[in-house]
Each structure stands twice: as structure tokens, then as C-alpha cells.
Amino acid sequence: QVKLVESGGELVRPGGSLRLSCATSGLPLDYYMIGWFRQAPGKEREGVSCIDGSDDYTYSADSVKGRFTVSRDNARNMVYLQMNNLKPEDTATYYCAVYTRPIPKLTAQDMCLWKAGDYWGQGTQVTVSS
């Protein structure tokens, strides 16, 4: 049984930093593409940062480029999202997801733009406010 559990979300002031964690189980993480997504109230879910399974190539949305970094620790079955210089518009529920299908073969950019996750976590709330 595949399971993803996010943690690390909290209330933070603008300009602050947070590191979100995604603990995975039930699959060999190093084979698969992992992504972070977010959804704010009244808005569509958007891809934030995604990382390829084979070469660790990453993609980040323009809105977070230079501020957010996705990384993975396959030995510990963990995925992280380091978020720096947070802004109020980053307020959302953040989800991690894994893409496991061999077809169609996607890039990290594809996964983020198409929101292509086969398994999703329950989300963690990030609120950026003074």
C-alpha cells in the first residue's frame, strides 16, 4: 500500500522559511517522479516543484523559482520542499504526489504542469501572514 504523509506546514511571517517533508512508503522511491503541489482556497491546484526519478532533474513553477527547492533522500524515502522568502501568496495547502506509470513517460515539468500524480498525500497547511 502506497502512502504519502506531508508535514512541516505552519504559520510563518513574510520573508520567512519553511521546510516541508513528505514521508513515503510502499514503493521504491528512487524509481519514481515526485512532485509538490499546492491549492489555495478558491483556486485550482498548481504544480510547484517536481523532481525526476532517474536523474534528479527538477522543475519549479515561475512563481517559486529561486525561492523553493525540491530534493529527495531515497534511502530514507523522504522528499523535501525548502521554501525561502515566503510571500502571502504562497499561502495554501501543500501536497506531495508520486507518478508511477511507465506510460506516458513524463518529464518533471510535465508532472508539474499536468498535475500528474497517481498517489497523493493528505496535505499540510502553509500560512504566510504578518
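A: Glutamate 46 lies in strand 5, strands (E, at least two residues) being DSSP runs numbered from the N terminus. This is a predicted model, in which local features need pLDDT of at least 70 and side-chain atom pairs count only at pLDDT 80 or more, whereas totals for chains, interfaces and linings use all residues. Residues are numbered from 1 along each chain as its sequence is written, and side-chain values use heavy atoms, with hydrogens and water left out.

Q: Is glutamate 46 buried, partly exposed or exposed?

A: Buried means under 20% relative accessible area and exposed over 50%, with partly exposed in between (1.4 Å probe, protein chains only). Glutamate 46 has a relative accessible area of 31%, so it is partly exposed.

Q: Which residues is glutamate 46 in contact with?

A: Contact means heavy atoms within 4.5 Å. Leaving aside neighbours within four places in sequence, glutamate 46 contacts Trp36, Phe37, Arg38, Ser63 and Lys115. The side chains of glutamate 46 and arginine 38 are also joined by a polar contact of 2.6 Å, that is, a pair of N or O atoms within 3.5 Å, one able to donate a hydrogen and the other to accept it.

Q: Which residues touch the most other members of the largest nonpolar core?

A: A nonpolar core is a set of buried Ala, Val, Leu, Ile, Met, Phe, Trp, Tyr and Cys residues joined through side-chain atoms within 4.5 Å. Here the largest has 26 residues, of which Trp36, Phe68, Leu81, Met83 and Tyr94 touch the most other members. Strand 9 gives the most to this core, with four residues.
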